[in-house]
Amino acid sequence: MTPVTPPAALAPRQDRKAQWLLIGLAVALTLFIVVVPLLYILWRALSEGLAVFAQNILAPDTLHAIWLTSAVAIVTLPVNLCVGIAAAWLIARFTFPGRKALLTIIELPFSISPIIAGVCYLLLYGRQGLLGPALAAADIKILFALPGIVLVTLFVTGPFVAREVLPLMQAQGSEQEQAALTLGASGWQIFRRVTLPNIRWALLYGAVLATARAVGEFGAVSVVSGAIRGQTMTLPLQIELLFNDLNVVGAFAAASTLTLIALVVLVLKTLIEARTR
Amino acid sequence: MSLVISHLARRFGATPVLRGIELEVRQGELIALLGPSGSGKTTLLRIIAGLDWPDAGGLSFDGTDWLAKSAAERRIGFVFQHYALFPHMTVRDNIAFGLTVLPRATRPGQAQIAATVDRLLRFLQIDGLADRYPAELSGGQRQRVALGRAMAIEPRVLLLDEPFGALDAQVRRDLRRWLRGVHDSTGTTTIFVTHDQEEAFELADRVVVMNGGVVEQIGHPDEIYDHPATPFVARFLGLTVELPIAMRAGRAEASGLDLSALPRRAIPDGPATLFLRPADIQPVPDPAAPFRVTEIASTGALLRIVAESDTGCRIEAEVSRREGRDLRVGHAVGLRPAAGQIFPGGATPLARPASAPKALKEARP
Ligand SMILES: Nc1ncnc2c1ncn2[C@@H]1O[C@H](COP(=O)(O)OP(=O)(O)OP(=O)(O)O)[C@@H](O)[C@H]1O
Ligand SMILES: [Mg+2]
């Protein structure tokens, strides 16, 4: 018996060529669209030495921008967690009129351009806006201040937590919670000891995504912040400002901070994904 | 000390799921709720547990109104069909859960909880599994853990929804005996749901047959088996052969059938329907009889025999291979039912009336 050479043995060589071509294309695209720009930011930021880099980062306006962005992230996170869990729980566990509508409303920010959100807030809370006179009379400042930035960031990051938690809650059903109920657990005990442990990774994942978005949001924030130097400039706004001032090293230094945050988020996200897989 | 359910009704939207359930469960009894899919067994169990509320009717335990109490206050043990174990807790923590959520004033100490859990683990024969997670257990082991978790709170009533539904036949049989043993040594009033009649009859002190949201019959397993109270119960318990007959002076008559083995019944003269188990019909070779054997099939131990009369009446019988040795296709046979159930009326008006309580029959051994 002679070994039969399958005629197909010739064909794969061509396939392989196409395969390498596609892989090469994907790598090249990734390099030039994602990796090179990111590395370039770091390289430009450090191009004039660590001392200049540090000096730029520690410039009062940039430092303030970092502080403001952190503050926004820290304030929005717990709100996002609470509202996200409550909404997911409501939708997963109860049937009530308007349930579908609630689901749509929660996802709405995903399909609306952030700048529109900003403009809406402007029209609502601005001096000529609907609530403007009343707010001015009560001496409450929302626009061009931290509250406005927080509100618009909440709008933009709202869907993330609910979106991650809801499918899990729906898949798990409520039997475990009912079991806990028959075993005598109170509502809070059920939440803390049964519901929360089951959704903890999805919750963390949603929180990471929401925070990344809160830190990086530009469009909506730029409308409501009023771009007051050293006061309402978040990190992305500050980068643009530095760039427009032709302070390239400063812009890149600030940008590298943001990139660093993004990388940390990416690592966290990967870890959580590996954990939940 | 008993659980009393009266006129219980529940509807989901426009669909009535429970239509006037009447049931009294005595202290220490082991009760099976038996019925086809969709008959409302789970719904009834959930209402007893306090996970759902009825639209009308009453539920009381020991004289106290349970509908005014929450699930936690009723202190019942509920074992879900798919166990609903807490996946992030070990077996030990699962079983201890009901004790650890007690208010601080009544909560036993850590050592005491651990001792209780250890005792339960030994009792349920799963002491080697204490530190495993539910995902690391077999179905039968999960079932035991779920039961242990429910028993830890020393429930007044134990409710099990198809406790063996997700297990294979051998494990089912083992666990069935084991559950009977557990019940006998704890004496906890227990209600379990099943749609497997063998399971219900082997395990239960009394069986409650449900259909379409009403109780068709309540009684001792033998009683139900021998004297099904309604045509539904008869069909459900395998009396699948239905024959139109005539009643005269308490005796059943039908041409070609020897009904002398059936006892007299207090049923008025007129048309009636006879329900038979195929295994209770004895074909007797008789050249003068109107039935002819048209099919003989072997199922291993048994022969399944189909006999047809000239008038188009078709009857299925089951006999042992030895008894049916001499039967051949084409033989004329007479049929001799050894036991059966008779309901007045022709073949069609058998549909039961919608008003449930009137049709209720408590059969006592
Ligand atoms: N939450 C609900 N909403 C609407 N209909 C329901 C609900 N729960 C049960 N039903 C309906 O009630 C009927 C009885 O359901 P139930 O679960 O009590 O039946 P069952 O006897 O337990 O059946 P099975 O043996 O299949 O578990 C079914 O027709 C079911 O579709
Ligand atoms: Mg059910």
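**A salt bridge in chain B**

Select B:Glu202 and B:Arg176: they form a salt bridge, with the closest N and O atoms 2.8 Å apart. A salt bridge here is a side-chain nitrogen of Lys or Arg within 4 Å of a carboxyl oxygen of Asp or Glu. B:Glu202 sits in helix H7 (residues 197–203) of chain B and B:Arg176 in helix H6 (residues 169–186) of chain B, so the pair ties together parts that are 26 residues apart in sequence. Helices (H or I, at least four residues) and strands (E, at least two) are DSSP runs numbered from the N terminus. Over all chains the count is 24 salt bridges.

The model is predicted: local features need pLDDT of at least 70, side-chain atom pairs count only at pLDDT 80 or more, and totals for chains, interfaces and linings use all residues. Residues are numbered from 1 along each chain as its sequence is written, chains are lettered from A and ligands numbered from 1 in the order written, and side-chain values use heavy atoms, leaving out hydrogens and water.

**The annotated domain of chain B**

Now select residues 3–237 of chain B, listed by UniProt (unreviewed entry) as "domain: ABC transporter". UniProt positions follow the numbering used here, feature names are shortened, and annotations may be inferred rather than shown by experiment. This span is 37% helix and 26% strand, and its end C-alpha atoms lie 27 Å apart.

**Where chain A meets chain B**

Show both chains and select the contact (heavy atoms within 4.5 Å). It takes 16 residues from chain A and 21 residues from chain B. The two chains bury about 1,700 Å² between them, 64% of it on carbon and sulfur atoms; buried area is the accessible area (1.4 Å probe) lost on putting two parts together, summed over both.

Next pick A:Thr182, A:Leu183 and A:Arg193, which supply 42% of the area that chain A buries against chain B, more than any other three residues. Colour helix H9 (175–182) and helix H10 (187–216) of chain A, the elements that give two or more residues to the side touching chain B. H9(A) gives the most, with 7 residues.

How many salt bridges are there between chain A and chain B? The count is 0.

Select residues 66–273 of chain A, which the UniProt annotation "domain: ABC transmembrane type-1" (unreviewed entry) covers. The chain there is 80% helix and 0% strand, with end C-alpha atoms 28 Å apart. The unreviewed entry's "transmembrane region" annotation covers several spans of chain A, including 144–162 and 202–228. Residues 144–162 of chain A are 84% helix and 0% strand, with end C-alpha atoms 29 Å apart. For residues 202–228 of chain A the values are 81% helix, 0% strand and 37 Å.
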